[in-house]
Amino acid sequence: MDRLNRIDRRSLLLAAGAFAAVGPAELARAQAAGAIKVATWGGSWRDSLDKLVGESVRKAGGSVDYVVDTPQGNLAKLVAARGGNLPFDTMESGLELVQLMAADRFVADLNYDKLPNAKALPDFAKAKNYVMTLGSMDGIVYNHEKFKELGLEPPKTYSDLGNPRLAGKVAFPDITHTQHWNAVAGLAYEAGASEADLLKAIPLVNKIKPAYFYSASTELSTKMAAGEVWAAPWHAGFVVRLRRNKVPLSISYPSFGSKKGSLWPVLHHIVRGTKNEALAETFVNAYLDPETQLAHAKATGVLPISRAAIKGMVDDPENKGVLMLGDAELDNLFVVDFAKVKLAEWRNAWARDIARG
Amino acid sequence: MGNRRSYDLALLAALLVSLVLFVLPLFFFLRQSFYENLGMGLVGDTPSLRNYADILTDPFYLGVFWRTTRLSAVAALIGLCIAYPTAYVLARSRSSFVRGLIVLLLITAFVSIIVKVLGLTVLMGSQGPIATLLRSLTGSSASMLHNEFAVAVGLVQYSLPLLVMLLFGVIQTIPRSLEEAAAVGGASDWRLMRRVLLPLSFNGMITAGLIAFNMNMGAFTSAVLLGGGNVLTVPVLIQRKIVLDVDYPVAAALAVLLSLGVFGINVGVATLRRSPTGASRMRRATA
């Protein structure tokens with residue numbers, strides 16, 4: 001026993017010595033290269049991002065941490081930190097925030113010379129202060145077994161969610177959630193309007209009378225898996241991810257006028273004033289690498305922006321049949337034109353005119 | 001005398017910390033509420049009461065204030081009704097087992113609100129035990145979540161351990177001999193409760209109820225997670241104003257009005273309690 005104790009103490013001393021020698025050296029190496037914080041979504045998205053893209057930063061001798069929230073929540077953090085320490089160095093966002101961020105100069109102009117992987121991207125993906133990395137394919141996610149039990153056809157339009165037999169089982173993306181915009185734009189189109197007049201969607205949302213307005217996909221995943229929710233405007237990625245856990249989900253893509261299905265482009269910015277610009281560029285460039293794009297897209301069920309990576313998705317057994325991957329289909333996807341959306345008016349109406357409870 | 005002075009100094013230190021951590025930020029918040037929102041965290045430079053006027057004349061905001069107050073008051077009252085008998089049993093029990101129960105109660109008070117609320121979502125969800133039981137009895141499979149009822153349950157759960165602890169202390173101060181004397185005099189249990197226990201614990205009940213009410217008025221997590229976006233309360237609205245609209249001045253004005261409202265209700269109840277007619281009326285109402 002005494003010998004065992006001596007060994008334990010010796011091991012402990014050795015371990016402490018090794019830590020004392022290696023720990024600070026590692027720490028110093030990381031500090032020399034820097035440490036960046038990336039603002040992104042949580043759950044399996046963050047995990048995949050860290051595994052596939054974060055590795056590039058670690059290989060460069062730096063470290064990467066994540067600030068997990070919706071893009072809107074992360075923008076609020078950036079605004080709150082105005083003039084102080086930046087809460088993160090790069091961030092993912094959506095088209096609804098671009099104008100706001102650019103107008104207030106929260107995001108830096110990108111130096112594409114430092115992002116060689118961007119060369120393979122289509123021109124529309126490369127903007128002055130953001131680069132499109134991926135896109136979620138939005139539609140109506142539904143539990144096909146429950147629909148079969150009820151004798152219901154797969155939903156063709158967002159308005160189909162107002163079927164009385166689905167009462168209490170439909171969730172709807174709240175205004176803080178990324179998937180909100182395609183869903184309300186879809187309803188506006190179904191009401192004979194467009195994203196220029198989203199107010200037309202209000203009566204249809206009230207007719208659907210969602211049981212719950214979700215603000216995080218992780219939260220909705222739990223409810224879908226538990227059978228608490230049977231249908232929701234969401235994105236194809238969660239069909240792919242939840243099917244891995246044997247949740248019987250399918251997706252249907254409603255029409256937006258002549259367009260079918262909708263894309264939500266995921267944008268990446270480098271935050272203005274970051275002290276880790278080189279490492280932030282390393283991260284963004286790694287994100288645009290076609291192989292990384294393909295691996296991340298396969299893991300999360302989203303659409304890579306790189307056409308080379310899209311080709312790799314076509315034969316993927318998990319994503320095939322869930323995502324629309326044909327060239328004609330991709331060209332016919334609807335994307336919200338935020339130049340037409342009256343954001344303040346819509347936010348006000350969403351708070352006041354939606355029937356709740 | 002020397003001891004007294006060192007105690008005073010210790011209080012002074014606590015006061016200073018409170019001043020720095022609570023009053024100063026509140027002052028900046030209050031100041032911001034008087035300026036116009038210019039968007040993205042920027043505010044104007046001309047002070048006015050515009051934000052307050054807008055809120056106080058808008059039926060939407062008034063409705064949200066009313067909903068928050070109503071839910072908080074109902075949850076505090078339900079909490080009192082559950083906590084009082086529990087606290088009485090704990091306070092009057094001579095069993096050493098009771099000490100263990102009180103420790104358990106203390107532990108539950110320290111459990112994170114998120115954990116508590118997630119427990120409730122499982123319990124009240126359509127796959128939970130309550131819905132399963134109801135389904136077997138009625139055939140209906142409705143979830144009990146995402147409405148005002150769910151939020152009220154969450155608020156009761158949030159404040160209940162504290163209410164029991166507060167009332168436990170109150171009931172312990174009532175001499176047991178008074179109950180024995182009433183029993184010897186032939187008082188029924190109900191009469192004993194009405195004529196002895198409730199009047200003697202009345203002030204403690206009001207204080208505990210007000211503390212629970214104050215906590216409920218500021219509760220955010222229960223309203224967000226159990227309300228599921230269907231129940232807009234003032235704290236939820238403040239969060240939306242900051243995160244969605246990045247409108248700090250209106251968010252600040254809402255927060256100031258919420259604090260003033262809570263303060264006003266507390267002062268009102270305390271004043272009513274101190275006035276002889278008000279106190280007797282309140283006692284009669286309680287009894």
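The term pLDDT stands for the predictor's confidence in each residue, on a scale from 0 to 100. The structure described here is a predicted model, and for chain A the average pLDDT is 89, with 90% of the residues scoring at least 70.

We can now turn to the place where the two chains meet. Here, 28 residues of chain A are in contact with 24 residues of chain B. Together the two chains bury about 2200 Å², and carbon and sulfur atoms account for 53% of that area. On the side of chain A, the residues that lose the most area to chain B are Glu228(A), Arg352(A) and Arg356(A), which together make up 23% of what that side buries.

Asp174(A) pairs with Arg240(B) in a salt bridge whose closest N and O atoms lie 2.4 Å apart. Which elements of chain A give two or more residues to the side that touches chain B? They are helix 3 (71-80), strand 6 (212-214), helix 8 (217-226) and helix 14 (343-353). Helix 3 of chain A gives the most, with 6 residues. By residue type, this side of chain A divides into 14 nonpolar, 5 polar and 9 charged residues.

Key. Residues numbered from 1 in each chain as written. Chains lettered and ligands numbered in written order. Predicted model: local features only at pLDDT ≥ 70, side-chain atom pairs only at ≥ 80, totals over all residues. Heavy atoms only, no water. Contact = heavy atoms within 4.5 Å. Buried area = accessible area lost by both parts, 1.4 Å probe. Salt bridge = Lys/Arg side-chain N within 4 Å of Asp/Glu carboxyl O. Helix = DSSP H or I, 4+ residues; strand = E, 2+ residues; numbered from the N terminus. Nonpolar A, V, L, I, M, F, W, Y, C, P; charged D, E, K, R; others polar.
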